[in-house]
Amino acid sequence: MFDSIRSHRRWLMFFLIVLVFPSFVITGIYSYNQFISADDAVARVGDTPISQQEFDIAQRQQLERLRGMFGSDFDPKMFDTREARAATLDGLLSQRALELEAQREGVQVTAERVRQLIAAEPAFQQSGRFDYERYKTLLQAQGYSEQGFESQVRQDLRRRALLQAVASSSVVPRAVTEHLRRLIDEERQVRELRFNASDFRAKLAVTDEQIKSFYDANQDDFRQPEMAKVEYVILTLDDIARDIVVPESEALAYYEQNKARFGADEQRKASHILFTAGDGGTAKDKAGARKKAEEILAQLRTNPKDFERLAREYSKDPGSAANGGDLGQFGRNMMVKPFEDAAFKLKPGEISDIVESDFGFHIIKLTEVMPAQTKPFAQVRGDIEADLRRQAAQKKFAEAAEIFTNTVYEQSDSLRPVADKLKLQVQTVDALPRTGVPARPGTPQIFTQRLLEAVFSPDSISGKRNTEAIEIAGNTLAAARIIEHRPAQVRPLADVRDQVKQRVEQREASRLAREAAERRIAELRKAPSDAGFSPVRTIGRSKPEGLPPAAINSIMRPAAGELPQLVLVELDGGSFGVFQVQSARLPEAGDPAQQAQLTRGLQQAFGAADDAAYVAALKEKHKAVVLKADFKPVPPTAADKKQ
């Protein structure tokens, strides 16, 4: 409903949701302001080190984001590489270099701006409104202070301000856009003769020798990764809070002392009519838009009941015009300031004078006022008790953590003693690989990189003793123990023979299909014929007609002046196609809307490239260096350079 009023903050909200909140809300909120040991530094920007702990947190967050995106399809092995570690560390170096530059340039973000962005974040809202208790509870659950979190949001916005200034200066030459549009829109008329690999499988008689040869040459494809049956225990703040009882008298006293926190701010409900200037607006210029607003206001002074009808007829706010200008209810700091100031001065039923904002001219009608209220104790008692339990648990957690740490070390042949002492559950994973397993939805990652390294350490594997107590998240400790270890090994041919046979058959059928297609091309070049070809159809980069991208590229590769031409194309499933590329159609003019969309896309791409170059220059300027070899990208080989 508030599209027109709030759209000036849209790019900021997008950035906040994509870059800030997934890092600090969805995957866990962590403090970056902890003590950093210079001896533990993996990199440095100027005089500021980046510790191993900071890197581990960033790596864990990246894994959690990808698990959230890809679910069960996510393979954590992709991040168990030197290249992945180098990429994560490079992101931290980029952030630190941007922070230093923002400080040098004096980039400022006001507390009010940070507050508005946090208030608009859905993760902190209840029934569409910012809920302070929800916000506070979520931060506390992750061991993050309000001040620390808001400081991190401010830092992210300062970095974004620098990048936005660079990206917005990018210019896309019109010739580049036009050339790309022609490439995208170009179409070709083709006929197809397909050679399906499946048609050749019946002709195959795969021998034992072929199966053995393929198996020997591709043993890595049939390797069973290292696995371990592992038991583990976790100590969380919730485990401590579970047995804490909060007396009603204590909860009531807390309520009386903090009544202001349980109040609902005043809300207002209003409608408006928006008059804008420019193309598609009320008038071509501001003077014309204001004049029209004055005319409509005069009509409303005479007959206020016409407000909804006039809003539907004249308002240029697409989000509310159809509803008679209704904006729904809102509180302080949810509208642009001129609008808010006017709306909160009106009485129910009153119509404002003309109000000018960045969006144009508004006529506002206040329809309802919902006064500030204090929630009754019965309504918030559960939240108060949970809060008090958590506060008490935080005081006891250090003691429990010490018991946990000492017990798993002193009685290292079993996790049962620590589980019995602290009333914890011993859990089991039957097949844990070195790369870990995805976290269950709604739960934190248990087998973090550090815990996996401890589980699969030589001492743990040989002695089958408890790992040390390891912090896997804020106020969360874990320890694990290997029960059974299965080293990586190639599965015997007898176990995978059917799988190997299928792959040999697929390879050989694809080879036969290709040879048949090549023979047919040779025949057609000697004696052209249309026999067996499909009817003519039109395809292009924007009209692939079910063909894979590589096939489209092959068909579009010959120059228009070289047509007609025969093209051999590999299709899905190892099949091949012979395409008669007969002619090309080059578009003369494109759709203006499509051209504008393409230009915007190129501007974003150019802006991203400029941002990358700018960040690289800042890292050099502020002397960003990687201190440990394991975190540096692998140098390219001579073969890589030739490719």
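Residues are numbered from 1 along each chain as its sequence is written, and side-chain values rest on heavy atoms, with hydrogens and water left out. Because the model is predicted, local features need pLDDT of at least 70 and side-chain atom pairs count only at pLDDT 80 or more, while totals for chains, interfaces and linings use all residues.

The chain contains 23 helices and 21 strands; these are DSSP runs numbered from the N terminus, with helices being H or I of at least four residues and strands being E of at least two. Of the 643 residues, 42% are buried. Here buried denotes under 20% relative accessible area, exposed over 50%, and partly exposed the range in between, with a 1.4 Å probe and protein chains only. Among the contacts in the chain with a separation of 6 or more, 73% involve residues 24 or more positions apart, where contact means heavy atoms within 4.5 Å.

The aromatic rings come next. A pair of aromatic rings is described by the distance of the centres and the angle of the planes. Rings of Phe, Tyr and Trp (its six-membered ring) pair if their centres lie within 6.5 Å, and planes under 30 degrees apart count as stacked, over 60 as edge-to-face and the rest as tilted. By this rule there are nine aromatic pairs. One of them joins F124 and F149, whose ring centres are 5.9 Å apart with planes at 85°, so this pair is edge-to-face. Since F124 belongs to the loop between α5 (111-119) and β3 (125-126) and F149 to helix α7 (residues 146-167), the pair ties together parts that are 25 residues apart in sequence. F124 counts as buried at 0% relative accessibility, and F149 is buried with a relative accessible area of 0%. Ring pairs also connect F124, F130, Y135 and F149 into a cluster.

Another pair is formed by F330 and F344: the ring centres are 6.3 Å apart and the planes stand at 70°, so the pair is edge-to-face. F330 lies in strand β10 (residues 326-330) and F344 in the loop between α15 (337-343) and β11 (355-357), so that the pair links distant parts of the chain, 14 residues apart. Both F330 and F344 are buried. R332 lies over the face of F344, at 4.0 Å from the ring centre; a charge sits over a ring if NZ of Lys or CZ of Arg is within 6 Å of the ring centre and within 35 degrees of the ring normal.

Helices α5 and α7 pack at an angle of about 105°, with axes 10 Å apart; axes are lines fitted to C-alpha atoms, for helices over the stretch in contact, and angles run from 0 to 180 degrees between N-to-C directions. The two helices are therefore roughly perpendicular to each other, given that angles under 35 degrees count as roughly parallel, over 145 as roughly antiparallel, 65 to 115 as roughly perpendicular and the rest as oblique. A111, V114, L117 and I118 of α5 meet F149, E150, V153, R154 and L157 of α7. By class, this contact comprises seven nonpolar, no polar and two charged residues, with Ala, Val, Leu, Ile, Met, Phe, Trp, Tyr, Cys and Pro taken as nonpolar, Asp, Glu, Lys and Arg as charged, and the others, Gly among them, as polar.

Helix α10 (residues 208-217) and helix α20 (residues 493-526) pack at about 100°, with axes 9 Å apart, which makes α10 roughly perpendicular to α20. Their contact involves residues including I211, F214 and Y215 of α10 and V496, V500 and R507 of α20. It has seven nonpolar, one polar and seven charged residues.

Some individual residues complete the picture. E231, in strand β7 (residues 227-236), counts as buried at 13% relative accessibility. D265, in the loop between β8 (263-264) and β9 (267-275), counts as exposed at 57% relative accessibility. Leaving aside neighbours within four places in sequence, D265 is in contact with R129, M370 and A372.

A cis peptide bond, with omega about 0°, joins L563 and P564. K423, which is not a glycine, has a positive phi of about 55°.
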